[in-house]
Amino acid sequence: MNDNIGKGTEFENICLSTLKRLGFEELQLTKRVNDQGADWVGSFEGTRYLFQCKKHKKKQGNRAIQEAIAAKTYYKASRCAVISESGYTKSAYQLARPNYCLLLMPLEITEAVNSQKTFAELIKNYTFPVNSPIEHDYDLIKRYEQIKAQIGHTPRNKDLDPTTRYRIKKKYGSLSSLIRQLSDSPFTRRPSNEEIRKEYKRVKQAIGKTPTLANMQKQSNFSRNCFSSYPFTKLQEECGDAPNIQRGVSKEDLISAFDRLRRELGRIPSIKDLDEKGVYRSSYYRTRWGNIDTFLKDLGIPQREFKQRQYDERELILIYLLLKKAFEIRNDDDSLTLNHTVLENLKYKGKVFVSPGIFSSRFGAGENS
């Protein structure tokens, strides 16, 4: 019995050596006693594999496969494999296939090492013997594995081609469900702080202003969580910008910022200007003065110069009819229809006379509005 243990240990060490040469990292030996069906656990390109090594005269049957599949969950691995010097029975292949347990032979591993192949290249075209029954999910999981190898991380829906995405949804309900069944971890890579700073500066250059968190969510390829967990105010300060949210901002600071923006624009800023181009958003002014009207009053700015004229429904109808009649007289055409383009180009003192959006919000955007 001790001789068998010695032979098994020697075979396990040979497997360890070859797996390292195939590109495995952090290979760890499990317990010799009560190993829960595993000999080695290691990582290859971010995926955790579990290996069961068997040196026996007889072919390996279901038991070795069952041990490897059960141990995969116990050791929190994503994949499992058995390496057997004596080969496998037909029932072993039948059990391994739907559970995507790789059944390997030492000879093919040695040939891969001698050919200077990686583990990914070894299993790239891995197939089960033709006498093994075709399982409904094997080909789909194999396609999933191919995509995962190509992109270097657990696939997201956008990484899948339409056919694979449809097949996964039909069989498993969703990609996340398949990922859970395979014990994979969803791709949630958080960029480094340096990458986040570069992305912030890129978005700032693209939009031509200090980005808000909403801008980053809309313009960046990174998720919103990457910026909100930095935290965002610290990110802005490190990139040389004043944070969009600051505590203790005085009235004098707000008035000074408003005047600077007024000079830059050459006109009185609107609420939209404050929110998109100002150092401080309009909410700061509301907090300090209670509302925008009080702030304007303190600065001696007439509301009509700040806010667009509000028309009631009767006034809008009269404006529309008058404009339509004026254009009919000018063009001698009573079939003229006022559209958004005409209204956008109709300006008074450099401003749109009546915004098309006012008509749309009041009467709807249909052809008969």
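Student: What does helix H4 lie across?

Tutor: H4 (residues 106–114) lies across strand S4 (79–84) and S5, and runs at about 85° to S5. Contact here means heavy atoms within 4.5 Å. Axes are lines fitted to C-alpha atoms, for helices over the stretch in contact, and angles run from 0 to 180 degrees between N-to-C directions. Helices (H or I, at least four residues) and strands (E, at least two) are DSSP runs, numbered from the N terminus.

Student: What ground rules apply to the model and the numbering?

Tutor: This is a predicted model, with local features needing pLDDT of at least 70 and side-chain atom pairs counting only at pLDDT 80 or more, while totals for chains, interfaces and linings use all residues. Residues are numbered from 1 along each chain as its sequence is written, and side-chain values use heavy atoms, with hydrogens and water left out.

Student: In what order do the strands sit in the sheet?

Tutor: The order is S1-S2-S3-S4-S5, in an open sheet of five strands with mixed pairing. Strand S1 (25–29) and strand S5 (101–104) are at the edges with a single partner strand each, so one side of each has no neighbour in the sheet. On average, neighbouring strands are turned by 20° against each other, direction ignored. Two strands pair if DSSP finds at least two bridges between them.

Student: How many bridges between S1 and S2, and in which sense?

Tutor: Three bridges, antiparallel, with S2 covering residues 40–44. Gln 28 stands opposite Val 41, and Leu 29 has Trp 40 as its bridge partner.

Student: Is S2 buried or exposed?

Tutor: S2 is mostly covered, with five of its five residues buried; buried means under 20% relative accessible area, exposed over 50%, partly exposed in between (1.4 Å probe, protein chains only). Trp 40, Gly 42 and Phe 44 point one way, and Val 41 and Ser 43 the other way.

Student: New topic. Where is Gln 116?

Tutor: Gln 116 lies in the loop between H4 and helix H5 (119–123). Its phi is positive, near 60°, although the residue is not glycine. Gln 116 counts as exposed, at 74% relative accessibility.

Student: At what angle do H15 and H16 pack?

Tutor: Helix H15 (residues 282–289) and helix H16 (residues 292–299) pack at about 80°, with their axes 8 Å apart. That makes H15 roughly perpendicular to H16, a label for 65 to 115 degrees.

Student: Which residues meet?

Tutor: From H15, Ser 282, Tyr 285, Arg 286 and Trp 289 meet Ile 292, Thr 294, Phe 295 and Asp 298 in H16.

Student: Which residues of H15 are buried?

Tutor: Ser 282, Tyr 284, Tyr 285 and Trp 289. They cover an arc of only 155° around the axis, which puts them on the same side of H15; the arc is that of the directions from the helix axis to the C-beta atoms. Their cover includes helix H13 (251–265), helix H14 (271–277) and H16.

Technical notes:
Angles under 35 degrees count as roughly parallel, over 145 as roughly antiparallel, 65 to 115 as roughly perpendicular and the rest as oblique.
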